[in-house]
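Please take a look at the sequence and coordinates, and then we can walk through a few parts together.

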Amino acid sequence: MGEDPLEELRRLVVDDARARDRLLSATDRDAFVLEVIEVGGDCGIEVSPVEVIEGLRGARRRRSERWV
Amino acid sequence: MTKRSHALQGWTPIAVEGAGGPTAIRWCFTEGVEFDDPFFEQTIDRCLRDPFRLLFWRETGFDALAEFASVSPGLRPTGFIFHMSRCGSTLLAQMFARLPAVLVMSEPPTVDGVLRSGVGDRERVDRLRWMISALGQPRRVEQAPFVVKLDAWSILDFALIRTAFPDAVCVFVYRDPIEVLVSQLARRGYHTIPGTLPPAWFGLSAGEMESMSPEHYCAAALASLCESALRAARANELTLIHYRMLPGAVSDTVAPLFGIDVGSAERALFAAVAERDAKNPVIPFVADGVEKRRRASPAARAAVDARLGAVYESLEHHRRGDHDRP
């Protein structure tokens, strides 16, 4: 089974200052989701809006569960 | 040592995960973020409201932390703030955090994660140095003094912290124990919840912990912190700061010890911070010592008398001795 596309993109983006700047400049969550999809496309990684939103939810959940 | 570029520049370690197994360090991209909230965790929560910082995290092992420390050494810590909790230590940290030239990290959980990482002391010393180096990456070019406020129970690891940073100045903030105990009983801190920390750290067996009243457990935990501080103070490795010395002691005693220059501008900033509640700066500071003593139950007073009174008096005796010296 291949790697989760969002995870694959995360690994690329954390080391890519230009991609990081693009994503940081997104003004709200919807713009951010679109930007992630675009950055993914530029890297040859297809990511869906649902995957991005679920990724955000998962990261939020992981943060909130850190004391559990 | 000069700094070179490193992939972790702009990133801050926010958690040490996997205690008991392979440990991983979780990093958050914090470039452009000031650590000026009362607590490190509040700054990270603020940071993670940004979807990029939330979604695009990093995870490394300690090897990457070590490499980052060698390539991009952070500021050397000039001061450590130890404390017994609920005693003014957050005010102290917040006053320094208001100064643009001072980097303050207030109770970063990654330091506790290292101290409790279950490896030998030598490895913990190395890991602590690397972690403090990563936390000490300056947020502004002019930042030089670096102050770390630790979790209350970190005083139990004083010797190890001292070994890692023999040149840093250490202070211990404390307060009338009945006032601290009343505050803890009203809202427990992590260290005063039975079972969160090993009872042996407080000189207790598991059975003793389970059979103790809340008043006695809290008092036993606080007493252990104070006893560790007293040992360090008697070894001349730590300066004692009583709550009632605040806020004046910040500019008159602690800042000079930490090598922080305080002029009229800094005093004005300090005064503004002291007017607000340190943990919730949107509300004004209200002195609550009298009210806390009034609310103290007979059980709380008995627990203080049995477990905390003597060590508190010893701290006071030592502190007054310090001050009486010519």
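A residue counts as buried if 20 or more other C-beta atoms lie within 10 Å of its own, as exposed if 12 or fewer do, and as partly exposed in between, with C-beta atoms placed from the backbone. This is a predicted model, in which local features need pLDDT of at least 70 and side-chain atom pairs count only at pLDDT 80 or more, while totals for chains, interfaces and linings use all residues. Residues are numbered from 1 along each chain as its sequence is written, and chains are lettered from A and ligands numbered from 1 in the order in which they are written.

**Strands of chain B**

Helices (H or I, at least four residues) and strands (E, at least two) are DSSP runs, numbered from the N terminus. Strand β5 (residues 103-106) of chain B is covered on both faces. Leu103(B) and Met105(B) are buried on one side, and Val104(B) and Ser106(B) are buried on the other. Two strands pair if DSSP finds at least two bridges between them; the pairings below include one for β5(B).

| Strands | Sense | Bridges | Residues that stand opposite |
|---|---|---|---|
| β5(B) and β6(B) | parallel | 4 bridges | Met105(B) and Val148(B) |
| β1(B) and β2(B) | antiparallel | 6 bridges | Val16(B) and Ile25(B) |

**Helix α11 of chain B**

Which residues of helix α11 (residues 248-258) of chain B are buried? They are Ala249(B), Val250(B), Val254(B), Ala255(B) and Phe258(B). Seen down the axis of α11(B), these buried residues fall within an arc of 145 degrees, so they line one face of the helix; the arc is that of the directions from the helix axis to the C-beta atoms. An α-helix has 3.6 residues a turn, so residues three or four places apart point the same way. On the other side of α11(B), Gly248(B), Asp252(B) and Pro256(B) are exposed.

The buried residues of α11(B) pack against several elements of chain B, among them β6 (146-149), β8 (239-242) and α12 (264-274). Just after α11(B), Gly259(B) takes a positive phi of about 75 degrees.

**Where the chains meet**

Two residues are in contact if their C-beta atoms, placed from the backbone, lie within 7 Å. Chain A brings 14 residues to the contact and chain B brings 10 residues. On the side of chain A that touches chain B, α4(A) gives the most, with 5 residues.
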